[in-house]
Structures are given as C-alpha cells and as structure tokens.
Amino acid sequence: MDTPATYVQLGFLVISVPNLLVILGMVLVFLAALFAPFPAHHGIETDHDEHPE
Amino acid sequence: MSTPSSHPAPEPGDATWTGAARRLLERRLPLTHLLPSRQPFFVGSWVYVFGVVAITALIWVIGSGIVLAFFGPGWFHVSGVGRFVNSIHFWSVQLFFFFVVLHLWGQYFMASWRDGRATTWLVGVVIFVVGLVTGFTGYVSQQNLDAQWIAINAKDGINATGAGSFFNVLDFGQMYGIHVMLLPITVTMLVVLHVVQVRMRGVVKPIEPQAPGGRRNAPTDVA
C-alpha cells in the first residue's frame, strides 16, 4: 500500500487500476443481481398483488 | 371502546397537536406498512438487496466508529487491536459506498421517484452526498501523513468554493468533531427517514413493458 498505484490512460480518461477494478466489480455485481435467480421465500407474494397504498 | 368506522367519534384530546400527529401517523404509516410480513412479487430480485446490505455496512461503520471514538484518533497507530478495528471501519465504509452506488444504479434505472416517491429519492441523494463528506472528514482525521497530504491538497479546492471560511480542512479538531458526531448522526437520521419513507409508500413497481400501441403502460394506472 505504500507504493504508487498503476494508472490506465484512455484518451482524456486517467484512472488507477484499483479504482478501475472496483468499478468493474460493481458492474459485475449489478449484472449478477439482475440475472441471478432469487431464492423463493414465503414472504414474497406469488401473484401481482400490490403493496397496500 | 369505540368501534372502527369511517367517521369515528372525536375522542378527548383530538384537537391537540399530539392527537393530530397520531392520526397522521395512523393514516400514513400503519404498522402493517412499517413491519410488513409479505412483499410484492417483484421484490424477489437481488437488486432489492443492495439497500439492505448498505444499511448493514453502515451498522458496522457506526459500531467500529464508536469503539475508535472511545479510544481516540491515535489509538490505531499504536495498537494491533486498534489497527484491526480501524480496518473494520475502513472496509465497512468501502462496502457501504460499493452497495450505496449499486442501490443508486438500481433505483435510477427503475425510476424509483415515481408515484409520489420524489422525496424518498431526494433523501437518498442527500444521504449519498453527506456520506461523501463524512468519508472525506474521516480521511483527514487519520492523524498520519495520508491525512495531511489530503488536507493540504484539498484546502485550495475547498477555499475556491467559499466553504473554507467555515470548513477548514487543516483544523483537525473541527474535522474530527464533524466526523465522529455531527455527520454520523445526520446520516443515521436520514437513513431512518429514508426507510420510513419507503415503508410509507411501499417498494416502487417495475416499469411496465411498452404497449403494442406505443404507449407505455404507466404503473400509476394500476391502483
């Protein structure tokens, strides 16, 4: 942690590799959350009932 | 004991502000909304978990922060246990922002400000901004070269905004006080308000697919 990070330059964009990895990780987790099956739970309604307004 | 009806008989004290506040809470936030035992079918997605994970990380941030505040800002420099607690504090903050941003992406793409939820969205934005300031004051409160480097480099930017007259990043006492007391209380209260707002109106419905006629099926069409 005491050494400078490596930087990536894409045109006018300059970003450190650790920050780039965090952003890529967030994108991956977001995509996984969209497509990963959610376990069935008894508290989840199976019909299209609405939350009582 | 009176029976429930659409026009209940006035009770003693109904004209008071406490009575009005009670009726408002009973109408806007009944216990079935505050502590629901069932959720709509569309909540069965991992996207809805991000906010809860962020709150869990925030609990770890506050818990480890309380320990650090008790032992003082220099503790983690001279103690292995202090370094461990400081690491929990640091990494739980990383997790907090990681999942806050994912929560923000999820809510942005499903336009969660719909159906009267604009203030819920705005409070979330304020939590994010106040969280950033909290993180910044934490960085300059570390009492090491890292903190000095950040403060010295930040002071010109802060001064350029005009905030330097009352927000002096080189003043350790001010930064530390703001970091351990003012901003954590603010974030916690805003998060509680945010959750209560979500419970008042329920989780926003997904955006309906495009209708054959070209008009989007507005979720507000469904009662």
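The legends below describe close-up views of a predicted model.

**View 1. Helices α6(B) and α8(B) cross at roughly 160 degrees.** Helix α6 covers residues 118-139 of chain B and helix α8 covers residues 172-201 of chain B, and their axes come within 9 Å. Angles over 145 degrees count as roughly antiparallel, so α6(B) is roughly antiparallel to α8(B). The crossing is left-handed.

**View 2. Residues of α6(B) meet residues of α8(B).** On the α6(B) side, the contact residues include Thr119(B), Val123(B), Ile127(B), Val130(B) and Thr134(B). On the α8(B) side, they include Met175(B), His179(B), Leu183(B), Leu190(B) and Val198(B). The residues of this contact divide into 13 nonpolar and 11 polar, with no charged ones.

**View 3. Glu26(B) forms a salt bridge with Arg22(B).** Side chains of opposite charge can pair when their charged atoms come close. Here the closest N and O atoms are 4.0 Å apart. Both residues lie in helix α1 (residues 17-28) of chain B; because they are four residues apart, about one helical turn separates them. Arg22(B) is partly exposed, at 36% relative accessibility.

**View 4. Asp115(B) forms a salt bridge with Arg117(B).** The closest N and O atoms are 3.7 Å apart. Arg117(B) is buried, with a relative accessible area of 7%, whereas Asp115(B) is partly exposed at 25%.

**View 5. Lys155(B) forms a salt bridge with Asp156(B).** In this pair the closest N and O atoms lie 2.9 Å apart. Lys155(B) has a relative accessible area of 26% and is partly exposed. Asp156(B), at 47%, also counts as partly exposed. Over all chains, the structure holds three salt bridges.

Notes: Residues numbered from 1 in each chain as written. Chains lettered and ligands numbered in written order. Predicted model: local features only at pLDDT ≥ 70, side-chain atom pairs only at ≥ 80, totals over all residues. Heavy atoms only, no water. Axes fitted to C-alpha atoms, helices over the stretch in contact; angles between N-to-C directions. Helix = DSSP H or I, 4+ residues; strand = E, 2+ residues; numbered from the N terminus. Parallel < 35°, antiparallel > 145°, perpendicular 65-115°, else oblique. Left-handed = near helix turned anticlockwise from the far one by under 90°. Contact = heavy atoms within 4.5 Å. Nonpolar A, V, L, I, M, F, W, Y, C, P; charged D, E, K, R; others polar. Salt bridge = Lys/Arg side-chain N within 4 Å of Asp/Glu carboxyl O. Buried < 20%, exposed > 50% of the residue type's maximum accessible area, 1.4 Å probe, protein only.
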